Amino acid sequence: MRQPFPPGFLWGCATSAYQIEGSPLADGAGVSNWHRFVRTPGRVLGNDTGDVACDHYRRMKDDVALMRELGLTAYRFSIAWGRVLPEGRGRVNPAGLAFYERLVDELLAAGITPMATLYHWDLPVALDDRGGWLNPDMPDWFADYAQVCFNALDDRVPMWTTLNEPWVVADGGYMHGVLAPGHRSAFEAAIAAHRLMQSHARAVQAYRAVGRNKIGLVVNIEPKHLPPDASKQDRHAARLADAYMNRQYLDPALLGSYPEELREVFGEAWPDWPAAEVEALSQPVDFLGLNYYTRAVVRHDAKAWPVPVQPLRQPGGIYTETGWELHPESLTDTLVWMHERYGGLPLYVTENGAAFYDPPAAIDGRVDDPLRVHYLRTHIAAVQAAIARGADVRGYCAWSLFDNLEWALGFSKRFGLVHVDFQTQQRTPKASARYYARVIADHGANLD
Ligand code: BGC
């Protein structure tokens, strides 16, 4: 017998501003680090940009109508900092803020719960030029920006999240340089990580003073598993990998401490942050958001940097176009692990999805994506299994509503439940969107 999804469980889709909006400079918006990054030769596959993307900035009303047709009860989007504060701080741009006010009003009129993310990787260049996440003033600037958003929207936005995936910001942006701003330094990554968590904490504090609803943090977790013949060295390396990717952000935010292993991962690049400063990173949140895509089976590899592990491809495994193994059991385990380790907080799956090769739309306009349907079915069932094991999971958001700009991979990878023809901007719900609409319609009672 399957455990029913709890009443009020939210069924959503997630997107982010730079990946779908287009019109990056419209209505007085400031230039973002991504607007600059996509123009830096060699950074983004095919020289793709977010200049148009899904043109959502101009098609927002129709897009919300489509969400309503699919029956979504929640929509997770992000606010572009530079639309609200073109210089990152100081002057507010009412025209930019008004876009999000219209979006939220439209969602509410459609009966869809808005879930707003304050930072999904697009930083005003005015702040990037001052060192971005390395600058010790970032927490103040972020809290000020958050405050502007709370003042304008908290009467209509019931759920806020501060940061989307701080690990990716620090690792992709400052450690490996594959994402904006494209730096490669362990020293910088350690500092950026800390400033991100200080910014999160400051925004939560600011929210407690004025907010009426709920605020949380969204992290990406990828469980690190071992092969059956793992050595002691493999086990140690997997622990380091787990600390670096999975506990580096949740531990300070929830427990007020960094995992011990980080000293070994970062070596001389690890700063000895004052204990009081680390404790202050823990500010009570109302919920946690989990972005789950895959797990990794790892072995020790001394050549790998900064964590000495190598992922092992699993024979017989199903892999997505981004090379991620389909492993729904790890979604269940991760939700239960978060529940147990971080005090039983309400949990939301804030992203979950897959890039697969989708055949071109057929003559009758249908796009069949059976692997994505399989991915959704098995992962929604995995959420249900986590609820049955006691995790307080209150919602699920598929990534993503639309095919969109997959960051450094440009438009080469499609994660959408809705196909987007980037020439015509035609939207076509794929079989996965129709499947998800059926699941939502009977509140997950039937996942077949
Ligand atoms: C991010 C999304 C991204 C997705 C697929 C997540 O890490 O939040 O912006 O498109 O993964 O890579």
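Tutor: Two strands pair if DSSP finds at least two bridges between them. Helices (H or I, at least four residues) and strands (E, at least two) are DSSP runs, numbered from the N terminus. This is a predicted model, in which local features need pLDDT of at least 70, side-chain atom pairs count only at pLDDT 80 or more, and totals for chains, interfaces and linings use all residues. Residues are numbered from 1 along each chain as its sequence is written, and side-chain values use heavy atoms, with hydrogens and water left out.

Student: Which strand is joined to E5 by five bridges, and in what sense do they run?

Tutor: That is strand E7 (residues 287-291), and the two run parallel. Within this pair, Leu217 stands opposite Leu288 of E7. Strand E4 (residues 159-164) also pairs with E5 in the parallel sense, over four bridges, and Asn164 has Val218 in E5 as its bridge partner.

Student: How many residues of E5 are buried?

Tutor: Six of the seven residues in E5 (residues 214-220) are buried. Buried means under 20% relative accessible area, exposed means over 50%, and partly exposed lies in between (1.4 Å probe, protein chains only).

Student: And Leu288, is that residue buried or exposed?

Tutor: Leu288 is buried, with a relative accessible area of 0%. Its contacts (heavy atoms within 4.5 Å) include Leu217, Leu250, Met338 and Tyr348, where residues up to four places away in sequence are not counted. The C-alpha atoms of Leu288 and Val219 are separated by 7.9 Å, although these residues are 69 apart along the chain.

Student: What about the sheet that contains E6, E8 and E9; in what order do the strands lie?

Tutor: The order is E6-E8-E9, in an open sheet with mixed pairing. Strands E6 (224-225) and E9 (309-311) stand at the edges with a single partner strand each, so one side of each has no neighbour in the sheet. E8 (residues 296-300) and E9 run antiparallel and are joined by three bridges; Arg299 stands opposite Gln310 in E9.

Student: Changing topic: where is the kink in H3 centred?

Tutor: The kink is centred on Asp62 and is about 45°, where the bend at a residue is the angle between axes fitted to the seven residues ending there and the seven starting there. H3 (residues 56-70) spans only 17 Å between its end C-alpha atoms, whereas a straight helix of 15 residues would span 21 Å. That expected span is 1.5 Å times one less than the number of residues. Among the buried residues of H3 are Tyr57, Met60 and Leu66. Gly71, with a positive phi near 85°, follows the helix.

Student: Which residue other than glycine has a positive phi near 55°?

Tutor: Asn47 does; this residue is in the loop between H2 (33-37) and H3 and is exposed, with a relative accessible area of 56%. Glu165 also has a positive phi, of about 55°. Glu165 lies in the loop between E4 and H8 (166-175) and counts as buried at 5% relative accessibility.
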